[in-house]
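Please look over the sequence and the model below before reading on. The report that follows goes from the whole chain to one helix and the sheet beside it.

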Amino acid sequence: MSEKVNHVGLAVADLDAEVDFWTGALDFERVGALDADDASTGQLLQLERPGLRAVYLRKGEFVLELLQFRGAGLVERPARVVNELGLTHLSLNVPNMDAALERVRAHGGEVLDDTRLWDVAVMIRTPAGQLVELLVGFETPTTDLGE
(Lines give C-alpha, C1' and ligand atoms only; values in the text may rest on other atoms or scores of the structure.)
Protein backbone atom coordinates (compact mmCIF):
# COMPACT_ATOMS: atom_id res chain seq x y z
CA MET A 1 0.00 0.00 0.00
CA SER A 2 2.66 2.58 0.94
CA GLU A 3 5.52 3.35 -1.41
CA LYS A 4 8.16 3.98 1.27
CA VAL A 5 8.65 5.34 4.77
CA ASN A 6 8.59 9.14 4.59
CA HIS A 7 10.00 10.04 8.01
CA VAL A 8 9.90 9.33 11.74
CA GLY A 9 8.95 12.17 14.09
CA LEU A 10 10.53 12.85 17.49
CA ALA A 11 9.14 15.51 19.86
CA VAL A 12 11.87 17.45 21.67
CA ALA A 13 12.04 20.24 24.22
CA ASP A 14 15.23 21.90 22.96
CA LEU A 15 15.30 21.84 19.16
CA ASP A 16 18.75 23.44 18.84
CA ALA A 17 20.35 20.94 21.25
CA GLU A 18 18.80 17.99 19.39
CA VAL A 19 19.89 19.28 15.97
CA ASP A 20 23.43 19.70 17.34
CA PHE A 21 23.35 16.17 18.78
CA TRP A 22 22.03 14.35 15.70
CA THR A 23 24.25 16.28 13.26
CA GLY A 24 27.36 16.54 15.45
CA ALA A 25 27.37 13.17 17.21
CA LEU A 26 25.60 10.91 14.71
CA ASP A 27 26.44 12.53 11.33
CA PHE A 28 22.88 13.32 10.23
CA GLU A 29 22.53 16.10 7.64
CA ARG A 30 20.05 18.95 8.13
CA VAL A 31 17.90 18.98 5.00
CA GLY A 32 14.98 21.29 5.84
CA ALA A 33 12.88 23.12 8.38
CA LEU A 34 9.24 24.08 8.77
CA ASP A 35 7.36 26.66 10.81
CA ALA A 36 3.88 25.20 10.48
CA ASP A 37 0.67 27.21 10.64
CA ASP A 38 -1.47 26.40 13.67
CA ALA A 39 -4.77 25.84 11.84
CA SER A 40 -3.83 22.95 9.57
CA THR A 41 -1.19 21.49 11.88
CA GLY A 42 -3.55 21.65 14.85
CA GLN A 43 -6.21 19.82 12.86
CA LEU A 44 -3.81 17.10 11.67
CA LEU A 45 -2.17 16.56 15.06
CA GLN A 46 -5.31 17.21 17.14
CA LEU A 47 -3.61 19.96 19.19
CA GLU A 48 -4.86 23.45 19.90
CA ARG A 49 -2.29 26.07 18.80
CA PRO A 50 0.68 23.69 18.57
CA GLY A 51 3.24 26.33 17.57
CA LEU A 52 5.12 23.65 15.67
CA ARG A 53 8.66 24.11 14.42
CA ALA A 54 10.18 21.08 12.70
CA VAL A 55 13.68 20.33 11.47
CA TYR A 56 14.34 17.47 9.04
CA LEU A 57 17.56 15.46 9.27
CA ARG A 58 18.74 12.77 6.85
CA LYS A 59 21.12 9.84 7.12
CA GLY A 60 21.14 7.78 3.93
CA GLU A 61 17.49 7.19 3.00
CA PHE A 62 16.25 7.69 6.59
CA VAL A 63 14.66 11.04 7.51
CA LEU A 64 14.17 12.10 11.14
CA GLU A 65 11.72 14.93 11.89
CA LEU A 66 12.50 16.79 15.12
CA LEU A 67 9.35 18.48 16.45
CA GLN A 68 9.26 21.40 18.89
CA PHE A 69 5.82 22.43 20.14
CA ARG A 70 6.17 26.04 21.27
CA GLY A 71 2.43 26.58 21.79
CA ALA A 72 1.00 23.29 23.03
CA GLY A 73 4.01 22.40 25.16
CA LEU A 74 5.23 18.89 25.87
CA VAL A 75 3.80 16.07 27.94
CA GLU A 76 6.60 14.84 30.21
CA ARG A 77 7.00 11.09 30.73
CA PRO A 78 9.47 8.93 32.61
CA ALA A 79 12.44 7.56 30.68
CA ARG A 80 11.35 5.01 28.07
CA VAL A 81 12.21 1.38 28.58
CA VAL A 82 12.43 -1.05 25.67
CA ASN A 83 9.53 -3.23 26.79
CA GLU A 84 7.11 -0.28 26.80
CA LEU A 85 4.51 -0.58 24.05
CA GLY A 86 5.23 1.51 20.96
CA LEU A 87 8.41 2.39 19.14
CA THR A 88 11.29 1.56 21.45
CA HIS A 89 14.49 2.81 19.83
CA LEU A 90 16.40 3.65 16.68
CA SER A 91 19.42 1.57 15.74
CA LEU A 92 22.42 2.98 13.88
CA ASN A 93 25.63 1.43 12.60
CA VAL A 94 28.83 3.26 13.51
CA PRO A 95 32.35 2.51 12.20
CA ASN A 96 34.14 2.82 15.58
CA MET A 97 32.41 2.44 18.95
CA ASP A 98 34.87 4.40 21.10
CA ALA A 99 34.93 7.35 18.70
CA ALA A 100 31.12 7.32 18.45
CA LEU A 101 30.70 7.31 22.23
CA GLU A 102 33.14 10.18 22.61
CA ARG A 103 31.06 12.23 20.15
CA VAL A 104 27.79 11.26 21.89
CA ARG A 105 29.13 12.59 25.20
CA ALA A 106 30.60 15.72 23.59
CA HIS A 107 27.20 16.64 22.10
CA GLY A 108 25.10 16.20 25.24
CA GLY A 109 24.04 12.56 24.91
CA GLU A 110 24.18 9.91 27.61
CA VAL A 111 25.97 6.59 27.15
CA LEU A 112 24.27 3.78 29.07
CA ASP A 113 27.59 2.12 29.95
CA ASP A 114 25.99 -0.90 31.63
CA THR A 115 24.37 -1.88 28.30
CA ARG A 116 27.65 -2.10 26.42
CA LEU A 117 28.40 -5.45 24.79
CA TRP A 118 32.14 -5.31 24.11
CA ASP A 119 32.81 -3.07 21.11
CA VAL A 120 29.76 -4.16 19.11
CA ALA A 121 26.62 -2.72 20.77
CA VAL A 122 25.51 -0.12 23.30
CA MET A 123 22.42 1.96 24.09
CA ILE A 124 22.58 5.74 24.35
CA ARG A 125 20.05 8.49 25.09
CA THR A 126 19.80 11.70 23.12
CA PRO A 127 19.44 15.00 25.02
CA ALA A 128 15.65 14.51 24.66
CA GLY A 129 15.90 11.04 26.20
CA GLN A 130 15.32 8.99 23.02
CA LEU A 131 16.96 5.56 23.14
CA VAL A 132 19.35 4.83 20.28
CA GLU A 133 21.25 1.59 19.80
CA LEU A 134 24.73 1.90 18.31
CA LEU A 135 26.13 -1.14 16.51
CA VAL A 136 29.48 -1.97 14.91
CA GLY A 137 29.62 -4.59 12.17
CA PHE A 138 25.93 -5.56 12.09
CA GLU A 139 23.73 -5.43 9.02
CA THR A 140 19.94 -5.23 9.00
CA PRO A 141 18.52 -8.77 9.09
CA THR A 142 17.06 -9.81 5.76
CA THR A 143 16.12 -13.37 6.79
CA ASP A 144 14.86 -15.06 9.95
CA LEU A 145 17.72 -15.38 12.40
CA GLY A 146 16.17 -18.16 14.48
CA GLU A 147 15.23 -18.21 18.11
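This is a predicted model: local features need pLDDT of at least 70, side-chain atom pairs count only at pLDDT 80 or more; totals for chains, interfaces and linings use all residues.

Residues are numbered from 1 along each chain as its sequence is written, and side-chain values use heavy atoms, with hydrogens and water left out.

**Overall make-up**

The protein contains three helices and eight strands, where helices (H or I, at least four residues) and strands (E, at least two) are DSSP runs numbered from the N terminus. Along the sequence these elements follow the pattern β-α-β-α-β-β-β-α-β-β-β. Of the 147 residues, 34% are buried; here buried means under 20% relative accessible area, exposed over 50%, and partly exposed in between, with a 1.4 Å probe and protein chains only.

**The sheet**

Four strands, in the order β5-β8-β7-β6, form an open sheet with mixed pairing, two strands being counted as paired if DSSP finds at least two bridges between them. Its edge strands are β5 and β6, each of which pairs on one side only. Within this sheet, β6 and β7 are joined in the antiparallel sense over four bridges, and glutamate 110 has arginine 125 in β7 as its bridge partner.

**Helix α3**

Helix α3 spans residues 97-106, and its buried residues are Met97, Ala100, Leu101 and Val104. These cover an arc of only 95 degrees around the axis, which puts them on the same side of α3; the arc is that of the directions from the helix axis to the C-beta atoms. An α-helix has 3.6 residues a turn, so residues three or four places apart point the same way. The face turned away from the buried side carries the exposed residues Glu102 and Ala106.

| Element | Residues |
|---|---|
| α1 | 15-24 |
| β6 | 110-117 |
| β7 | 121-125 |
| β8 | 131-135 |

At the start of α3, a side-chain oxygen of asparagine 96 comes to within 3.1 Å of the backbone nitrogen of aspartate 98. After the helix comes glycine 108, whose phi is positive, near 90 degrees.

Note on methods:
Contact means heavy atoms within 4.5 Å. A polar contact is a pair of N or O atoms within 3.5 Å; within protein, one must be able to donate a hydrogen and the other to accept it, and residues adjacent in sequence count only if both atoms are side-chain atoms.
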